[in-house]
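Thank you all for coming. Please have a look at the model on the screen, and then we will walk through how its parts cover one another.

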Amino acid sequence: MKYEEALSKLENIISQLESGEKSLDESLELYAEGAKLSEFCYKTLSEAKQKLTLINHNDKE
């Protein structure tokens with residue numbers, strides 16, 4: 001899965017949860033899925049940051 005796709009899914013989940021229209025069970029499932037997507041996005045951004053740091057460090061040498 002790409003970062004942009006995960007972020008879009010996460011935004012959709014947030015909208016659904018904020019609407020208050022889901023049952024408790026549905027909300028819990030959405031929350032769990034959102035937590036996984038959030039972790040994926042964070043990890044992906046962290047890896048990108050490390051790559052950029054490495055590139056910038058190599059450019060200075």
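The buried residues of helix H2 have H1 among what covers them, where helices are DSSP runs of H or I with at least four residues, numbered from the N terminus. This is a predicted model, in which local features need pLDDT of at least 70 and side-chain atom pairs count only at pLDDT 80 or more, while totals for chains, interfaces and linings use all residues. Residues are numbered from 1 along each chain as its sequence is written, and side-chain values use heavy atoms, with hydrogens and water left out.

Which residues of H2 are buried? They are Ser 27, Leu 30, Gly 34, Leu 37 and Cys 41, buried meaning under 20% relative accessible area with a 1.4 Å probe, protein chains only.

Turning to the packing, H1 and H2 meet at an angle of about 150°, and their axes lie 9 Å apart; the axes are lines fitted to C-alpha atoms over the stretch in contact, and angles run from 0 to 180 degrees between N-to-C directions. Contact here means heavy atoms within 4.5 Å, and the residues where H1 touches H2 comprise twelve nonpolar, five polar and two charged.

The largest nonpolar core has six residues, Ala 6, Leu 10, Ile 13, Leu 30, Leu 37 and Cys 41, such a core being a set of buried Ala, Val, Leu, Ile, Met, Phe, Trp, Tyr and Cys residues joined through side-chain atoms within 4.5 Å. Helix H1 (3-19) and helix H2 (24-60) are the elements that give two or more residues to this core. Leaving aside residues up to four places away in sequence, Ile 13 touches Leu 30, Glu 33, Gly 34 and Leu 37.

Notes: Buried means under 20% relative accessible area, exposed over 50%, partly exposed in between (1.4 Å probe, protein chains only). Ala, Val, Leu, Ile, Met, Phe, Trp, Tyr, Cys and Pro count as nonpolar, Asp, Glu, Lys and Arg as charged, and the others, Gly among them, as polar.
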